Amino acid sequence: MAYQLQLLRSLIERHPERAGNLELHVRALEQSIEQLPNTCLASVRTIFEAAQASIGLHLNIEFGRDGLPGRMTKVIEAFDFSMTDHPDGHKIHDELSALIKGIEETTTALARLSNIPNMRHGGALDWAVLQRQHAYMLGGLCDALVSFLLDVAWSRQFEEMEDLSGPSYALESDFNESLDNGYELVEIAGSSFEASRILFTLDPTQYEAALTEWRLTKPVDGEQEAAA
């Protein structure tokens, strides 16, 4: 069975409108783990840099000339992991921040270890190397860390967008289904998108106008019962 970054792939399915070329990076890392594990570190770095850039734009983070570990530290510190409806929300933030930093520090340690000469490649044939072990560990840590941070950033961004745009997409399932029935799925680079989701995300004003028109033409419950 081919190795898969399951958390990142699940994230892409839940947020297709945000994923961009993330799937290409995920596929490249999966292939490197399976076929060329000594190149895994470069693929992990690419995903980290792409995620940092995406989150940095959303949270207005200024990275300056920080290296990869420094940028990741700024990303983690910029997040608010607290839960506003929980009495110990600040504790949740503190513990989640510590957990995420621990995963990031472990990833950095693995990267440094694998950069020691002859630990990944280039040693004598009878020397032990950690190509496959490094690849699986780096891939798993990258999958857990990046998927969690992007999920938090994208989910909260989408919630804010719903609040600003008026109607809530999740609460208009009947209208969304009606709209989707009139259009085929839009396929782009192997990903499929529903018409209602595209309209809500890219043109919320037109989505609201179409929703209003649909409500005006939709019989109220009393009329439906009378017709029955």
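**Helix 10 and what covers it**

Mentor: What covers the buried residues of helix 10 includes helix 8 (173-181) and helix 9 (195-202), where helices are DSSP runs of H or I with at least four residues, numbered from the N terminus. This is a predicted model, in which local features need pLDDT of at least 70, side-chain atom pairs count only at pLDDT 80 or more, and totals for chains, interfaces and linings use all residues. Residues are numbered from 1 along each chain as its sequence is written, and side-chain values use heavy atoms, with hydrogens and water left out.

The buried residues of helix 10 (under 20% relative accessible area, with exposed meaning over 50% and partly exposed in between, for a 1.4 Å probe and protein chains only) are Tyr 207, Ala 210, Leu 211 and Trp 214. Seen down the helix axis, these buried residues fall within an arc of 105°, taken from the directions from the axis to the C-beta atoms, so they line one face of the helix. On the other side of helix 10, Thr 205, Glu 213 and Leu 216 are exposed.

The axes of helix 9 and helix 10, lines fitted to C-alpha atoms over the stretch in contact, with angles from 0 to 180 degrees between N-to-C directions, come within 5 Å and cross at roughly 125°. The contact (heavy atoms within 4.5 Å) is made by Ser 196, Leu 199, Phe 200, Thr 201 and Leu 202 of helix 9 and Pro 204, Gln 206 and Tyr 207 of helix 10.

Key. Helix = DSSP H or I, 4+ residues; strand = E, 2+ residues; numbered from the N terminus.
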